[in-house]
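Have a look at the model first.

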Amino acid sequence: MKKTVSDNIGAFYQHYPRVAVVVTASAGGRDNAMSIAWHTSISKNPPLYGVSVSPNHFTYKLIAQSKQFGVNFMPDTKAELVAALGGSKGSQIDKFSAFSITRDDAVKTSVPILKDAYAAFECRLVDDRLYGDHKLLVGEVVAVHYLDEAFMENGVLDIEKVNPTLYLGGEIYLNTEECRTRTLNRGFCVDCFKT
Ligand SMILES: Cc1cc2nc3c(=O)[nH]c(=O)nc-3n(C[C@H](O)[C@H](O)[C@H](O)COP(=O)(O)O)c2cc1C
């Protein structure tokens with residue numbers, strides 16, 4: 001089988017699929033949420049989590065101001081919302097009202113926690129560093145919210161119960177339960193979420 005070797009990295013999708021999550025933040029009376037595919041656990045003790053966010057995004061400005069962020073793990077059934085949050089700008093709309101997003105109470109921070117998330121982290125910012133065109137924001141996880149029924153006794157996600165939102169790149173999402181992909185262009189219409 002032929003492999004191509006190139007120094008042209010191209011779309012940079014070779015490491016996908018990735019779990020797409022929703023990063024949330026709140027500052028100065030404004031709440032916001034955006035989708036990201038670039039995120040990772042960094043340390044177990046203390047529990048540190050990293051998210052890669054462009055400094056041009058409204059969400060970054062709220063995080064820089066409040067020194068807090070939330071990471072919300074969404075089920076595949078909410079992939080349309082993930083696409084919509086990744087295609088709209090908090091500087092232009094209130095996404096919580098536009099997409100009828102409901103929330104759970106945060107316990108250690110003031111970050112918005114999405115009710116639809118099967119798990120979420122509340123993080124306090126411990127580092128903010130520019131790498132190329134993105135900021136690597138490292139947060140200490142100070143509280144975790146999770147849906148009991150989504151996890152087995154050993155803490156592992158039970159994919160019989162919940163499928164995470166898996167992003168393949170190029171606006172394509174992968175559902176492993178049904179072995180199918182679907183294209184959800186970001187910029188999903190706001191009206192789709194009106195109840
Ligand atoms: C599936 C998906 C993954 C994304 N991954 C990232 C990411 O890792 N980092 C990032 O800065 N933007 C990422 N984006 C783009 C932002 O979500 C998008 O620019 C958003 O509109 C920013 O929102 P804001 O301006 O309200 O902060 C992603 C978008 C989608 C749909």
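Of the 195 residues of the chain, 31% are buried, where buried means 20 or more other C-beta atoms within 10 Å of the residue's own, exposed means 12 or fewer, and partly exposed lies in between, with C-beta atoms placed from the backbone. This is a predicted model: local features need pLDDT of at least 70, side-chain atom pairs count only at pLDDT 80 or more, and totals for chains, interfaces and linings use all residues. Residues are numbered from 1 along each chain as its sequence is written.

The chain has 3 helices and 13 strands, counted as DSSP runs from the N terminus (helices H or I, at least four residues; strands E, at least two). Its radius of gyration is 17 Å, close to the 16 Å of the globule rule for 195 residues, so the chain is as compact as a globular protein of that length. That radius is taken over C-alpha atoms, and the rule is 2.2 Å times the number of residues to the power 0.38.

Now for the backbone. Most residues other than glycine have a negative phi, and most peptide bonds are trans. These cases depart from that pattern:

| Site | Feature | Angle |
|---|---|---|
| Y16 to P17 | cis peptide bond | omega near 10° |
| N45 to P46 | cis peptide bond | omega about 5° |
| F12 | positive phi | phi near 65° |
| K67 | positive phi | phi near 60° |

F12 lies in the segment before strand 1 and is exposed, with 9 other C-beta atoms within 10 Å. P17 also sits in the segment before strand 1 (18-19). P46 belongs to the loop between strand 4 (39-43) and strand 5 (48-53). K67 is in the loop between helix 1 (58-66) and strand 6 (68-73) and is partly exposed, with 16 other C-beta atoms within 10 Å.
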